[in-house]
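Here is a short briefing on one protein model. Look at the structure first, then follow the points below.

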Amino acid sequence: MNLSVGIVGLPNVGKSTLFNALLKKQVANVANYPFCTIEPNVGIVEVPDDRLPVLADVIARSEATKQSPPIVPAAVEFYDIAGLVKGASKGEGLGNQFLSHIKEVSVIVHVVRLFEDKDVAHVAEKVNPKDDIETIESELILADLSTLDRQKEPRGNATKDEIFFYQTALKLKDKLNTGIPARQVSLSDVEKDIIKQLNLLTFKPVIYVFNVSEQQLTNEQLTTNMIQKILSGHQSVVSSQWLTLCAKLESEIVALSDSDQKEYLKQYNLNASGLNRLINKAYTTLGLVSYLTGGEKEVRAWTISRGTLAPQAAGVIHTDFEKHFIKAEVVPFPLFVELGGWAKCRDSGKVTLAGKDYEMKDGDVVDFKVGV
């Protein structure tokens, strides 16, 4: 399954700098991906996973191959969504383009400017993160209200589903009119399912990325206190996910090797780059995990939702695998590494034979058995 992330923000908040850093990361790792064409506004980057090179090494040693198999990590698609200004919901700027692009993503990354720089103008002529958040949230709400306004009241011989759909739309419309985004409205699973067809923007989870200066990155506690104060005064952001990064710094270090990056980031008390932290945050925000496959041809991470059963997980590789699923051999990653590969895991009786009701776990090393 694809994880798609839309990057939004007001002008001059660092959105483009962040996206360009992602593009540099993509170019640096492009050989890892089986993708042919990448649109100019899309950056496809890997989900950091330290388990994959370890698994490749174990496979190489256990299969007595001359070299480690190729590694194919899970991937995230980042979309640079342009044109968001006040009035975007009514077509201001590139509003229509903005709305069409954001409808397609799984999660929204909202870049909020925290850094001060007199050489970088702010659209409102002052840095006010709380107002910036409210501006974009308001545009999303207004766009959703426009969608809900277009829903027609059922007439005559309407079905129960049509009536229920309209009632759910009215419920959401009432809450959105008070400034509450759809994701914070208390809905039953049935209501969520029936309204899904509208693809409302404020239903999408949001990760707030506060773009800070290098000095703010160093003054971690002071910056955290500032952000918590900003979020505490905004009802739609209280329980949201957020992180800080310095987009300028990210664009500078992305060309460095992993070891050099880690060494450089130590001075900011960081153990991972902001880009990697953002990718992992997006991955976990949607409740996604990875299972692993390994053989002589390749070692690969596959993205699934937490709680996915074995046949559906097999279907991520190929739809026929789900249709013709028989069973799966499963070994937790740490045990697979400890024992040293499939043969030794099987010989020691440590392989779980998983049936159709087996719930996949993050880090499961899997060999699917299918009747194809």
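The side chains of Thr-202 and Asp-144 are joined by a polar contact of 2.7 Å. A polar contact is a pair of N or O atoms within 3.5 Å; within protein, one must be able to donate a hydrogen and the other to accept it, and residues adjacent in sequence count only if both atoms are side-chain atoms. This is a predicted model: local features need pLDDT of at least 70, side-chain atom pairs count only at pLDDT 80 or more, and totals for chains, interfaces and linings use all residues. Residues are numbered from 1 along each chain as its sequence is written, and side-chain values use heavy atoms, leaving out hydrogens and water.

**Around Thr-202**
- Thr-202 sits in the loop between helix H6 (189-195) and E6. Helices (H or I, at least four residues) and strands (E, at least two) are DSSP runs, numbered from the N terminus.
- Thr-202 counts as buried because its relative accessibility is 0%. Buried means under 20% relative accessible area, exposed over 50%, partly exposed in between (1.4 Å probe, protein chains only).
- Leaving aside neighbours within four places in sequence, Thr-202 has contacts that include Glu-137, Leu-140 and Asp-144. Contact means heavy atoms within 4.5 Å.

**The sheet**
- Six strands form an open sheet with mixed pairing, in the order E2-E4-E1-E5-E6-E7. Two strands pair if DSSP finds at least two bridges between them.
- Strands E2 (42-46) and E7 (241-245) are the edges, each pairing on one side only.
- E5 (residues 107-113) and E6 (residues 206-211) pair in the parallel sense over six bridges.
- Val-112 stands opposite Phe-210 in E6.
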